[in-house]
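This short report describes parts of one structure in plain terms. Please look at the sequence and the model before reading on.

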Amino acid sequence: MKSTVYIETMGCQMNVADSERAATNLRRAGYDLATSAEAADVVLVNTCSIRERAEQKVYKRIRQLRGLSSRKPLIGVMGCVAQLEGEAILAKAPDVDMIIGTRATDRISTLIERLRDGERAVIDLDERGPGESWDVSPVERHSPFVAFVPIIEGCNKFCSFCIVPYSRGRERSRTATEIVNEVKRLRELGFREVHLIGQNVNSYRPRSEEGLEKSTGATPFCRLLRAVAATGMARIKFTTSFPRDFHPDIVAAIEEWPNLCDWVHLPVQSGSNRILKGMRRGHLVADYFRSVDAIKNSKRRMSLTSDIIVGFPGETDADFRETMNLVERCQYDGLFIFKYSSRPGTPASRFMDDVPESLKKTRFLELEARQFELQNTIYRSYIGRAVSVLVEGQSARSEKDLTGHSTCHKVVNFQSDSTQLGEILNVRITEAKSYSLYGQQVN
Ligand code: SAH
Ligand code: F3S
C-alpha cells in the first residue's frame, strides 16, 4: 500500500501555493494525499511566522498532532517557521522529523526516504534547485475554478518590522513565458480566475524578456499583466502590490482589459510619515495618495484594500490620528488591521516595543470601528448595481443560496435554483451585509 501524506496549511496564499506544489511532487513520487491528519503516515504543517501569535499556533498544533493517532505519523514542519528556526525547532518540539524550508517544496519525498533509511531529523533549508518545476497538478489546486499562480517569490524590501525577507529570501521572478503558459493551461482545464501572487507582484523583474516581447507597458509587471490578459483567462486578480513600485500604468492596463479585475490591494501600514520612515517603507503618505488617486480616478470603478499596523514602536496618538485621517481619505473597500508584533531578527525588534498592549488594542478597535462604518457606506452603494460573480459554492448561511466573489473581490451571496458552480454571472445587489453583498441573479 502507498504511504499517505497530509498537508495542513497556515498563513498566506504563497503557503497555499507551496502546499499545492508539494502535493503535486509527492504524488508524482508515489505517495497518496490523505484527507485528514489522523489517516496519514506523514503529516506536514506548512507554517507562518508573520506575527508571534501565528508562530505560537505552530507549536501548539505539533503537540496536538503527536497525541492524535496511534499510527505515530512522521511530522514535518514546512514554510516560514521551518526556514527561520531550522534546527532550533527540535529544541521546542523534539519529535519533529523533518524541517522543510520555504524553497524545499520539491524535495520532500527525498527527505522522507532519508528518514526511512534511518536518518533522524532531516533538515533542508536550501535554495530551489535549477530546473525545479512550478507545475501544479489541477487536482491539488485549492479550488477547481480559482488558481494561485506565483509570479515572484521572496522580498528585497526589508521593511523594518517584517520577517518575510528572512523567511522567503531574495526576490526571484518567473519568466513571463512560464506564467503565460500556466495560465493558458489553466484556462483549457476550465479554471475561470487566476490570482497572480507574490509578496510584491509589481516588483516583478524576470531575468529575461522571454514572453514579454509582444506586450507593452511602463514596467515588466504592467507588460506581464497585458500578456496574461491576452490569454483570454476570464478573470485575473493580483496581490500584493507594493506602494513604492505602483505605476499608474497598472490602472491603464485594467482599463484596457476587462478580464483584469477592478481590485487593487495596496498595503499602506501607517498614515504618519514619521512612522513610515521608521518602518523603512520607502514611501511617504503623499506618494501613497498619488497611487490612490490614480486608482480612484479610473474610468472603471475600482475596489481598493489595504493593510495597517497599529502600535509600531514610537507610535504616538498624533501618529495614530494621521492613520485615522488616511483611512478617511482612502475609503477602503476592505482593511486588514494588525497589532504590531516584534519579530526577532528584524531591525524594528531592536526598537523598544513601547506602545502598551492595551493601547494597541484601543487603537485597533477604534480603527476597526471607523473602517466598518466607511466600508458599510461603500457596500450600501452597491445596492441596485449588477456585479459579475464567479459562482464558487453553496453559501454557508443558507442552503438555498450560492456564494462567490465579484471582480472587485467582494463576497456575494445570491439566490438561484439553476446555476452551476464555476459559472460567471451577473447579480443585482439588493442588500449590503457587514462583510458581504446579497443579491439576485439577472438574466
Ligand atoms: N508584502 C506585503 C505584505 C506582507 S505581510 C506588503 O507589502 O505589505 C502581510 C501584512 O502583515 C503586512 O502588510 C503587515 O500589515 C502585516 N505585518 C507584517 N509584519 C508584521 C508585524 N511584525 N507585526 C504586525 N503586522 C505585521
Ligand atoms: Fe514585508 Fe515589506 Fe516585503 S511588509 S513582505 S518586507 S514589502
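The shell around ligand 2 consists of seven nonpolar residues, two polar and one charged. Here Ala, Val, Leu, Ile, Met, Phe, Trp, Tyr, Cys and Pro count as nonpolar, Asp, Glu, Lys and Arg as charged, and the others, Gly among them, as polar. Among the residues that surround ligand 2 are Cys155, Lys157, Gln199 and Phe242; a residue is near a molecule if its C-beta atom, placed from the backbone, lies within 6 Å of it.

This is a predicted model: local features need pLDDT of at least 70, side-chain atom pairs count only at pLDDT 80 or more, and totals for chains, interfaces and linings use all residues. Residues are numbered from 1 along each chain as its sequence is written, while chains are lettered from A and ligands numbered from 1 in the order in which they are written.

The protein has three domains, with bounds from an automatic or database domain assignment.

| Domain | Residues |
|---|---|
| domain 1 | 4–124 |
| domain 2 | 138–380 |
| domain 3 | 386–441 |

Between the C-alpha centres of domain 1 and domain 2 the distance is 28 Å. Their contact (C-beta atoms, placed from the backbone, within 7 Å) takes 17 residues from domain 1 and 14 residues from domain 2.

Helix H8 (residues 220–229) is largely enclosed by the rest of the structure, because eight of its ten residues are buried. Buried means that 20 or more other C-beta atoms lie within 10 Å of the residue's own, with C-beta atoms placed from the backbone. Helices (H or I, at least four residues) and strands (E, at least two) are DSSP runs, numbered from the N terminus. The buried residues of H8 include Phe221 and Val228, and they pack against helix H7, strand E10, strand E11 and helix H9.

Methods: Contact = placed C-beta atoms within 7 Å. Buried ≥ 20, exposed ≤ 12 C-beta atoms within 10 Å, placed from the backbone.
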